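Hi everyone, thanks for making time today. Let me put the structure up on the screen, and then we'll walk through a few of its side chains together.

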Amino acid sequence: MVGTPTGGSTGNPIIIDLGWGYYGRICTRHEKLADGTEFIGVGIHPDVIVEETESVIFGNDNVIGEALKLLN
């Protein structure tokens with residue numbers, strides 16, 4: 001994997017209205033990686049860390065560029 005660590009969530013939250021315009025989000029699934037490693041609250045770390053830059057706005061994705069270099 002190439003990129004940056006994930007946010008540490010399954011992406012399946014339940015949203016709770018706390019009142020007065022505030023909301024809480026709670027992860028509703030307990031999942032692990034195939035090897036049993038927990039990633040909730042930790043994230044999934046790539047093999048090669050490449051930070052995104054503002055160049056992606058102009059159509060130059062440096063993360064994809066680095067992945068293509070590794071493949072070649």
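Let's begin with Glu38, which is partly exposed at a relative accessible area of 38%; that label covers the range between buried, under 20%, and exposed, over 50%, using a 1.4 Å probe and protein chains only. The side chain of Glu38 meets that of Lys32 in a salt bridge, 3.8 Å from N to O. By salt bridge I mean a side-chain nitrogen of Lys or Arg within 4 Å of a carboxyl oxygen of Asp or Glu. Lys32 is partly exposed too, at 46% relative accessibility.

A word on the numbers: this is a predicted model, where local features need pLDDT of at least 70 and side-chain atom pairs count only at pLDDT 80 or more, while totals for chains, interfaces and linings use all residues. Residues are numbered from 1 along each chain as its sequence is written, and side-chain values use heavy atoms, leaving out hydrogens and water.

How many salt bridges does a search of the whole structure find? Three. Another one joins Arg29 and Glu31 at 2.6 Å, N to O. Arg29 is partly exposed at 43%, and Glu31 is partly exposed at 27%. Then there is Lys69 with Glu66, at 3.6 Å. Both of these lie in helix 1, residues 62–71, three residues apart, or about one turn of the helix. Helices here are DSSP runs of H or I with at least four residues, strands are runs of E with at least two, and numbering starts at the N terminus. Lys69 is exposed at 60%, whereas Glu66 is partly exposed at 24%.

Is Thr10 buried or exposed? Buried, at 18% relative accessibility. You'll find Thr10 in the loop between strand 1 (2–3) and strand 2 (13–19).

Finally, have a look at strand 2 and strand 3 (residues 22–27), which run antiparallel and are joined by six bridges; strands pair if DSSP finds at least two bridges between them. Asp17, for example, has Tyr23 as its bridge partner in strand 3. The two strands form a hairpin with two residues between them, and Trp20 in the turn has a positive phi of about 55 degrees. Happy to take questions!
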